[in-house]
Amino acid sequence: MNGNRQGNIYHSLEEPVKDCFGKSARVIRADSVSGGDINSAYRVSISTGDRIFVKANSIRNLNFFLTESNGLQALRSTKKIGVPAILGAGVDEKREISFLALEYIESSPRTASYWETFGHELAGLHRAECVKFINTDDGRAKYGFMEDNYIGATPQTNQPQENWIDFYRECRLLPQITMAEKYLEPAVRKKADWLLDHLDLYLREPEFPSLLHGDLWSGNMMCGKGGRAWIIDPAVYVGDFEADLAMTQMFGRLPERFYAAYDEVNPIDKRGYAQRKNLYDLYQLLNHLNLFGSTYLRSVVDIINMYAGV
């Protein structure tokens, strides 16, 4: 299965199908499957007997899929963890959609060692060389990504920075806090501003940068071929690996075997991480507040109060 070359934009869904499965291949059926809150998703059957996974949105949202494709390719290029092959992205005017076509991963039962293997592989990803993914002229920046992308439907700024704390302030918390102003009372916003100015009291500068999935909750993990873990729907950037670990715990902690195995390959500063974790949750909770409304306000305010010393 060979997808399109990086940067090529297809002009119909049939084009990547023919490129990957032969000139006589054609789409014969599309069955709707679960695809999250933002996109439609389909299991598409091909005349060759193959199946592919297709995410679709309005034509104007093509950039969702171009940036997701680049993020998946970055993760996949490390060869450290299961990531679906990218068949191509583009627009299909006949169907009035933009789309991302991916390898179809059939859900499979977990093996006995699933969580240990997953922990080792994620740790391997976080230790992989990632300087090539930073778009910088002088080579000094360590954090960011080659382009801006999205966290859910929210634009995610990835302007390269030399320091992790600066990046997390300027490209993660500040944009979300600014968007959330309508929800935040003046006293809470004052505390949020204090926190932004004093992040160095709580966050660390990591020993090395890591390529992150960026949205690694349990819904973006699946067990596929051979009982192996695969990661999907990323919001990729280069940052502190603790941000990915925090997201794995945000909507229910994974089994302890996963974290113990991770720690064998990439040691976790358990005490320090426990003190920092809620600051990483804050970014994701602010995004949920901005996307889905005031259900998440209490959690956001609680974390701001936890850290803000004013």
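A salt bridge here is a side-chain nitrogen of Lys or Arg within 4 Å of a carboxyl oxygen of Asp or Glu. By that rule, a search of the whole structure turns up 22 salt bridges.

A few ground rules: the model is predicted, with local features needing pLDDT of at least 70 and side-chain atom pairs counting only at pLDDT 80 or more, while totals for chains, interfaces and linings use all residues. Residues are numbered from 1 along each chain as its sequence is written, and side-chain values use heavy atoms, leaving out hydrogens and water.

Here are some of the pairs, with their N to O distances.

| Pair | Distance |
|---|---|
| Arg29 and Asp31 | 2.8 Å |
| Asp31 and Arg43 | 3.9 Å |
| Arg51 and Glu106 | 2.4 Å |

Asp31 forms a salt bridge with Arg43. That pair links distant parts of the chain, 12 residues apart: Asp31 sits in strand β2 (residues 27-33) and Arg43 in strand β3 (residues 40-46). Strands are DSSP runs of E, at least two residues, and helices are runs of H or I, at least four, numbered from the N terminus.

How accessible are these residues? Buried means under 20% relative accessible area, exposed over 50%, and partly exposed in between (1.4 Å probe, protein chains only). Asp31 is buried at 17%, Arg29 is exposed at 52%, and Arg43 is partly exposed at 22%.

Then there's Arg51 with Glu106, whose side chains meet in a salt bridge. Arg51 lies in strand β4 (residues 51-57), and Glu106 in the loop between β6 (97-103) and α3 (114-127), 55 residues apart. Arg51 is partly exposed at 35%, and Glu106 is partly exposed at 37%.
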